[in-house]
Amino acid sequence: MIFNIIRKELKSLFSSPMGWVVLALLQFVFGTFFLIGVDQYFQTMSGAMRPEQRIGITAFVGQSVFGIASFVMLFAVPLLSMRLISEERRQQTLTFLFSAPLSITEVVLGKFLGLVSFLSIVIVFIAAMVSSMNLWTEVDFGYIFSNVLGLWLLVASFSALGIYVSSLTSQPVVAGIITFIALFALLILDHFLAGDPTSTMAYLSLMRHFEPFSRGLLDTKDFAYFILFIITFLTLTIRRLDADRLRG
Amino acid sequence: MSTVTVEASNLTRIYGGREAVSDVSFNLNKGEVLGFLGPNGAGKSTTMKMITGNLAPSAGGVKICGIDMIENPKEAKALIGYLPESPPLYREFTVDEYLAVAARLHGVKGAHVKKAVERAKERCGLTEMSKRLIENLSKGYQQRVGIAQAIIHNPMVVILDEPTVGLDPIQIRDIRALIKELGGEHSVILSTHILPEVEIVCDHVQIIHKGKLVFSGGIDVLKQQRTGNKLLLGLANPPAHEALLAIDGVVAVEAANEGLLRVRFNEGQSPAEAIVQAAVSNGWGLRQINPDQTSLEDVFVQLTYQEAA
């Protein structure tokens, strides 16, 4: 049943130009950064004489591509997530889902996983692009794996927050803007509190938990943070939609 | 198993202290068409939302074929097809795509989806629209897609909220025929404020006013109320009412519009002949006499008005 909703969500993304355009533009941006990364590697490394100055090509290019990916997703996810529930509310199609033999949990999970699987296509493309360097040189697959996993968790967290904000309003644009601001605030939270490294507030920053992944470090602590973040917002969404049914 | 498909008991819904629906109970049997009548804002849609599990009742409960909507919502919802007031359509899909999604979400198994879609399209006259985007369809066709969506999984109970709104007269006739046909194997609940529609398609009628059920019964009961024991008289030189009351069987005389007189008589004791004779012998100048048919609208107004008084 969840699978049917995922299918419906993907279909609706790809039945309008929206899905294709987003995929193409994202791929264009990441491709450009990949190209620049590879290009700059030779320039930079030819100037780096001493061995300790040299870094591997995976880390050099990966940093550039995954760095920009986490930033671009900040714009892309709110754009995609804003419609999820608010548009259905506006077109009054939520009744369609609620009258079907589905629980609200299934509806929300289906919508969330639908968006995440769409975004996974983007991430798979990035991973394939970076791995393609393996044709000419040896690539550090562990580094790529940890970055991909980190990016995937980050994007899933973005989506979870986006779907929750989308469930609060019937105006997709409002949902998009609020999601963007909320995500942006969460990302740069630790910049504001840079002076106090032990601050609890800074600990909530998404970027702070993404950063170890991007260095190639898998830490269960960060893993748990993302999972909890996702569960929290999905639960809030379910509760919000359930309130619709109860309060009307 | 009994043939009761919908069992609503004491349904009540309170919106911010105001009772939108209060204490509505009814049963519906297999193969029956139930018409829900009521003025705007009477609580028709709210009741339907509660029956379909889109809205939790403040009190009372709903059972679909014996399955409780609150305890087992999934199983109960699987037996219902629902067309809300505004058809829930995904405008970016084609008719085929949309109906396939509807079929799958309602638990039609993969291999049967295509067949179910074909059948629903055929029944709603949508076969030629298969590849069209729903966005580009006219309101009437969109309404049909909405109905197709509600019957695609062959549910026990079909619930249609104002299904003929926005359709042209020919489409209305088609849809009414479809509803009658559906009534054969499914139970149908439909809400409307078009009264003749109820007379044509429904077996049972419920009139709801200010959230309360004011009338519930067979369509024939309503029809009887409609004909009534009344005559409409047109007289050139009307006599005093007493003269008419003296005629055998007449119980009441009142003035009606356009100088006509309305004469009520006892059941099965038509005074028509006596009145004609009296009119001729007394020179009242009879120009018309005919049974007074209250329109369904009047019955409706009477019923809803009585409750208010």
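Visitor: Is Phe229(A) buried or exposed?
Guide: Happy to start there, keeping in mind that this is a predicted model. Phe229(A) lies in helix H11 of chain A. A residue needs 20 or more other C-beta atoms within 10 Å to be called buried. Phe229(A) has 21 C-beta neighbours inside 10 Å, so the label that applies is buried.

Visitor: Which residues does Phe229(A) touch, leaving aside those up to four places away in sequence?
Guide: Let's look across the chain. The C-alpha atom of Gly150(A), 79 residues away along the chain, is separated from that of Phe229(A) by 14 Å. Once residues up to four places away in sequence are left out, the contacts of Phe229(A) are Ser157(A) and Ala160(A).

Visitor: Which residues of H11(A) are buried, and what covers them?
Guide: Good one to follow up with. The buried set is Tyr225(A), Phe226(A), Phe229(A), Ile230(A), Phe233(A), Leu234(A) and Thr237(A). Their cover includes three helices of chain A, namely H6 (104–131), H7 (141–168) and H10 (206–214).

Visitor: Over in chain B, are H3(B) and H5(B) roughly parallel or roughly antiparallel?
Guide: The angle settles this. Helix H3 (residues 95–105) and helix H5 (residues 139–151) of chain B have axes that come within 9 Å and cross at roughly 30°. Angles under 35 degrees count as roughly parallel. The pair is therefore roughly parallel.

Visitor: What is the handedness of that crossing, and which residues make the contact?
Guide: H3(B) passes H5(B) in a right-handed crossing. From H5(B) come Val145(B), Ala148(B) and Gln149(B), and from H3(B) come Val95(B), Tyr98(B), Leu99(B) and Ala102(B). By class, this contact has 6 nonpolar residues, 1 polar residue and no charged residues.

Visitor: Which element supplies the largest share of the side of chain B that touches chain A?
Guide: Now for the two chains together. The contact takes 19 residues from chain A and 23 residues from chain B. On the chain B side, helix H2 (73–77), strand E6 (80–83) and H3 each supply at least two residues. The largest share, 4 residues, comes from H3(B).

Visitor: And how many charged residues does that side of chain B have?
Guide: Let's go class by class. The side of chain B that touches chain A has 13 nonpolar and 5 polar residues. Its charged residues number 5.

Technical notes: Residues numbered from 1 in each chain as written. Chains lettered and ligands numbered in written order. Predicted model: local features only at pLDDT ≥ 70, side-chain atom pairs only at ≥ 80, totals over all residues. Axes fitted to C-alpha atoms, helices over the stretch in contact; angles between N-to-C directions. Parallel < 35°, antiparallel > 145°, perpendicular 65-115°, else oblique. Left-handed = near helix turned anticlockwise from the far one by under 90°. Contact = placed C-beta atoms within 7 Å. Nonpolar A, V, L, I, M, F, W, Y, C, P; charged D, E, K, R; others polar. Buried ≥ 20, exposed ≤ 12 C-beta atoms within 10 Å, placed from the backbone.
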